[in-house]
Amino acid sequence: MEFYENRAKRPFYLFIWMGKLLVRWYRINQTRRILNRLSDEHLRDIGLSRADLGRYGQDGRMK
């Protein structure tokens with residue numbers, strides 16, 4: 001068996017996946033922080049309320 005036949009197909013796939021997961025988590029939390037800093041008037045302008053902010057889950061979607 002040759003070297004290229006015996007090596008892993010995607011040796012760094014786990015690291016790439018973890019990096020993407022970390023970036024996604026950071027963006028969701030950054031969005032939450034920004035929305036929490038907005039006033040009630042600004043939230044109303046974009047169609048949200050304070051109660052809506054608590055309903056967003058870890059994946060960034062409304063529960």
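Is arginine 50 buried, exposed or partly exposed, and what is its relative accessible area? Arginine 50 is partly exposed, with a relative accessible area of 38%. That residue is a handy place to start a tour of this predicted model, and we will come back to it below.

**The overall fold**

The protein chain contains four helices and zero strands, so its elements, read from the N terminus, follow the order α-α-α-α. Of the 63 residues in the chain, 13% are buried. The chain exposes about 6100 Å², and carbon and sulfur atoms supply 57% of that area. If you take contacts between residues at least 6 apart in sequence, 27% of them join residues at least 24 apart.

The mean pLDDT of the chain is 82, with 75% of the residues reaching 70 or more. Among the elements, helix 3 (residues 40-45) has the highest mean pLDDT, 94, while helix 1 (residues 3-6) has the lowest, 64. Where pLDDT is low, the predicted coordinates should not be read in detail.

**The annotated stretch**

The UniProt annotation "domain: YjiS-like", from an unreviewed entry, covers residues 22-53. Over residues 22-53 the chain is 81% helix and 0% strand.

**The salt bridge**

The structure holds one salt bridge. Its partners are aspartate 40 and arginine 50, whose side chains meet at 2.9 Å, N to O. Because aspartate 40 lies in helix 3 and arginine 50 in helix 4 (residues 50-53), the pair ties together parts that are ten residues apart in sequence. Side chains of opposite charge can pair when their charged atoms come close. Aspartate 40 is partly exposed, with a relative accessible area of 46%.

**Leucine 35**

Leucine 35 sits in helix 2 (residues 13-37). Its relative accessibility is 15%, and it counts as buried because the cut-off is under 20%. What does leucine 35 contact, leaving aside its neighbours within four places in sequence? The partners are Leu43, Ile46, Leu48, Arg50 and Leu53.

**A nonpolar patch**

Phe12, Tyr13, Leu14, Phe15, Ile16, Trp17, Met18 and Leu21 make a nonpolar surface patch of about 900 Å². One of these residues, tyrosine 13, lies in helix 2 and counts as partly exposed at 45% relative accessibility.

| Residue | Relative accessible area | Class |
|---|---|---|
| Leucine 35 | 15% | buried |
| Arginine 50 | 38% | partly exposed |
| Tyrosine 13 | 45% | partly exposed |
| Aspartate 40 | 46% | partly exposed |

Key:
Residues are numbered from 1 along each chain as its sequence is written. This is a predicted model: local features need pLDDT of at least 70, side-chain atom pairs count only at pLDDT 80 or more; totals for chains, interfaces and linings use all residues. Side-chain values use heavy atoms; hydrogens and water are left out. UniProt positions are given in the numbering used here, feature names are shortened, and annotations may be inferred rather than shown by experiment. Helices (H or I, at least four residues) and strands (E, at least two) are DSSP runs, numbered from the N terminus. Buried means under 20% relative accessible area, exposed over 50%, partly exposed in between (1.4 Å probe, protein chains only). Contact means heavy atoms within 4.5 Å. pLDDT is the predictor's confidence in each residue, from 0 to 100. A salt bridge is a side-chain nitrogen of Lys or Arg within 4 Å of a carboxyl oxygen of Asp or Glu. Patches are made of residues with over 30% relative accessible area and no salt bridge: like charges are joined within 9 Å, nonpolar side chains (Val, Leu, Ile, Met, Phe, Trp, Tyr) within 5 Å. Accessible areas come from the Shrake-Rupley method with a 1.4 Å probe; for residues, only the protein chains shown count as cover.
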